[in-house]
Amino acid sequence: MSLRARLASGPPLAAPGVADALAARLAAQAGFELLFLSGAGLSWTQLGQPDIGLVTLTELTRAVERITDAAAVPLLADADTGFGNAANVQRSVRALEAAGAAAIQIEDQGFPKRCGHMAGKTVIPLAEAAGKVRAAVAARRSADTLISARTDALSVEGVDAALARAHAYAEAGADLLFVEAPLDAALLARIAGELAMVRPLVVNMVEAGAPSPLTARDLGAMGYRVVLFPVALARAAAAAEAALLETIARDGHIGGGPAVMAWDALHDRLDLPALLAAGRTYGDDS
């Protein structure tokens, strides 16, 4: 089933943020039907930097290639602002589609961009933003590659402006709509009430500031079709790594620190036995 068809039926898709191939493989093994590569997760894990627009198209494309090679699950790739104007957006869409992305997200922030839950964001003029969405739609080689249009106008211009932008992006051809950073259930419900019948809706469940008591099922009942958990895995990994490093620095060993996955269990997750067996069929005795 294509991602487009899956969005039209069934329960909402919960999409964990995966910043590397290992996280993608683990998420696929857990049964997720959609994965999300967030700009924040990639910037944190690959650059060791905050999400302020430092990731390049080349770095994003290589990450998409590694993730889609490791996990046969559709991937929504966060292309931030598309790395420039409409021409840059078209180049970005072609590169990410060729790398294996099933869907590509474009946002309407100005530069320098910010994580969606950071202060100091700006948005570009509506006409320019809608033009970038049209450019993204025109650039894709397959109609099965979905374009998700995100607006950050809610915290900059207010809810009415954000809704107007979402309608404009739908008219420009966006397959998915994403109004970033609603901070309470009433606002989430208003957005869904206005847009759920226009296009499938995406919502971001970032733990800092998001209405976290709501579940993916709750959001699905409101009308959302994709529920992103963009940085939960990266934050969990950072907490575990920091704690384990403190244990090693203090005690000189890992005993008493956070639990680590057993060596054999990790190799099983990585399909080591199958890889070795495949090698033996070609005369590799290693």
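A network of salt bridges (a side-chain nitrogen of Lys or Arg within 4 Å of a carboxyl oxygen of Asp or Glu) links Asp80, Glu107, Lys113, Lys121, Arg150, Asp152 and Glu180. The structure is a predicted model, in which local features need pLDDT of at least 70 and side-chain atom pairs count only at pLDDT 80 or more, while totals for chains, interfaces and linings use all residues. Residues are numbered from 1 along each chain as its sequence is written, and side-chain values use heavy atoms, with hydrogens and water left out. Under the stated criterion, 14 salt bridges are counted.

Helices (H or I, at least four residues) and strands (E, at least two) are DSSP runs, numbered from the N terminus. Asp152 is buried, at 0% relative accessible area, and Lys121 is likewise buried, at 8%; buried denotes under 20%, exposed over 50% and partly exposed in between (1.4 Å probe, protein chains only).

A further salt bridge joins Asp271 to Arg25, with a closest N and O separation of 3.2 Å. Asp271 occupies the loop between α12 (263-269) and α13 (272-280), whereas Arg25 belongs to helix α2 (residues 21-29), so the pair connects parts 246 residues apart in sequence. Asp271 is partly exposed at 36% relative accessibility, as is Arg25 at 21%.

Arg250 and Asp251 also form a salt bridge, at 3.1 Å between the closest N and O atoms. Arg250 is exposed, with a relative accessible area of 57%, and Asp251 is partly exposed at 34%.
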